[in-house]
Amino acid sequence: MSKIANRDKEGILVIDFGSQYVQLIARRIRENKVHSTVVPPTISIDRIREINPYGIILSGGPSSVYDRSAPSFDPRVLELGLPILGICYGMQLLGRLAGGNILKSGKREYGRTEVKFDRRNPLFRGISPASVTWMSHRDKVDGLPDGFRAIGKSDNTKCAAFMNYKKNIYGVQFHPEVVHTVNGKKILKNFLFGICGCKRTWTMKSFIQKKIDDITDQVGSQDVILGLSGGVDSTVSAVLLHRALGKKLHCIFVNNGLLRKGEVDRVKKLFTRNIKLDLRVAESEDLFLKALKGVTDPEKKRKIIGRTFIKVFDDKARSIKNASFLAQGTLYPDVIESQTFFGGPSKTIKSHHNVGGLPKKMGLKLVEPLRDLFKDEVREVGRELGLADEMVDRQPFPGPGLAVRIVGEITRERLNMLREADWIIVDVAKRSGIYRKTWQTFGVLLPVKSVGVMGDDRTYENTIAIRSVTSVDGMTADWAKVPYHVLGEMSNKIINQVEGVNRVVFDVSSKPPSTIEWE
Ligand code: XMP
């Protein structure tokens, strides 16, 4: 079989066998300024040749190599002459494909485990002779395949790591990508640079240049429409696309009346005064509020907002002639999730507002300039493009906006009340440092009135809940331990300054079982 052609090599391929750590592996590689791409085990050998990576990492996974449905990959990959590192399940799979014996062990090795390393091989060069690693496995390599030798052992196994020197194949039973593995970063570096010969060329500067070329190639002389939300992803997409396309980029911003205080003006200022791109604002507050009148059911609200958004966007887009592309701020985790080997459709907890239905309805092709990036990389690109920290460090804001933070009916008056309270919460959070430390910090307006006393008067007014959570990806979250004096300042200011509110409470629920937003 022909080996890989000597074209420009690109990054490391990570084959995903369903590990919860697969994104972490990709991150660790990128931290070394080496590009990484997560692919499913079904990737064809031709596609691997086309990508021409420096090396391959096989992730861990929940299966046993003996399961009937155990995921595997084309064994001809082993003959391509590429360096390969198998992690946990990846190691067991390598062992099995090479003819070794994998012991189906009843005993689970989980958590901190000391491994003694044989440091005479390139993978463990320069690390201490024994150190703590993080294990999470049941099966293990028992009989070494031909051509392999053990290069690490623990109390539980004589083969915690192996290698085939001739074929440049390595396997580790532990997880070098997690922080608990003391020498994990060094081991991955050894693989990337010592074994694969990777170059440190993945920088945000190089990314921007390459993306501008890609966008120009893809779009040619045609026009592109982008839906701007004011959030980090769409803003960075807009600036990047504008660099590549100039006047051929047309941005549509839908003012649905459900935005935060001052948001419409901020977006207009940034894009018409500073960046000077073609911004078309669809002023549709009345339309949205009319459609939402009297509606209290959260799912109904979400559906109405989604539908109305698509209608307004579509109408506005009709004024742009010759557009053949729709740009979206899709990020890498969305791409990975949508192609994961084990990913099945998950149950709908809330119907997320998205523009997924748009390209089809409008007959447009997609441009997704950020689909290679993780969120913090998008922020770096934004900074590199000259956007202010205040813009790129913004917390996520949901598509349906304040509507999912008003429990009960949405009216102009209630929106204004929440807008003012939310403004205070975010301002205090920013000044106290909480904003940067949390995933989201915001206010929720509850449909609860209670008795209060202001001066000598009895009041009967509304309640604001402060929601502040820490999270990595929004999928799970914990309530943030906001200091009492910060909560106190938020509460005092809200009750004194926001008309119609006489009580503030703090939400101390995690996700699951709660969710981050209230509706
Ligand atoms: P939940 O409330 O489901 O929120 O725990 C998880 C994360 O998703 C955001 N969120 C949305 N984002 N459209 C969005 O673009 C939506 O409809 C939507 N609903 C929730 C939420 O702010 C949190 O970060």
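A: Helices (H or I, at least four residues) and strands (E, at least two) are DSSP runs, numbered from the N terminus. This is a predicted model, in which local features need pLDDT of at least 70, side-chain atom pairs count only at pLDDT 80 or more, and totals for chains, interfaces and linings use all residues. Residues are numbered from 1 along each chain as its sequence is written, and side-chain values use heavy atoms, with hydrogens and water left out.

Q: Where is Pro-513 placed?
A: Pro-513 lies in the segment after β20, and Pro-512 is also in the segment after β20 (501–506).

Q: Which peptide bonds are cis there, with what omega?
A: Most peptide bonds are trans. Here the bond from Lys-511 to Pro-512 is cis, with omega near -15°, and another cis bond, with omega about 5°, joins Pro-512 and Pro-513.

Q: What is phi of Cys-88, and where is the residue placed?
A: Most residues other than glycine have a negative phi. Cys-88 has a positive phi near 55° and sits in the loop between β4 and α3 (89–97).

Q: Is Cys-88 buried or exposed?
A: Buried means under 20% relative accessible area, exposed over 50%, and partly exposed in between (1.4 Å probe, protein chains only). With a relative accessible area of 4%, Cys-88 is buried. Asn-168, in the loop between β10 and β11, has a positive phi of about 60° and is partly exposed at 23%.

Q: What is the strand order of the open sheet of nine strands?
A: Two strands pair if DSSP finds at least two bridges between them. The order is β2-β1-β3-β4-β11-β10-β9-β6-β7, with mixed pairing. β2 (36–39) and β7 (130–137) stand at the edges with a single partner strand each, so one side of each has no neighbour in the sheet. Strands β10 (residues 161–164) and β11 (residues 169–172) pair in the antiparallel sense over four bridges, and Ala-161 stands opposite Val-172 in β11.

Q: How do the axes of α8 and α9 cross?
A: Axes are lines fitted to C-alpha atoms, for helices over the stretch in contact, and angles run from 0 to 180 degrees between N-to-C directions. The axes of α8 (residues 285–292) and α9 (residues 298–317) come within 10 Å and cross at roughly 150°. That makes α8 roughly antiparallel to α9, a term for angles over 145 degrees.

How values were computed:
Parallel < 35°, antiparallel > 145°, perpendicular 65-115°, else oblique.
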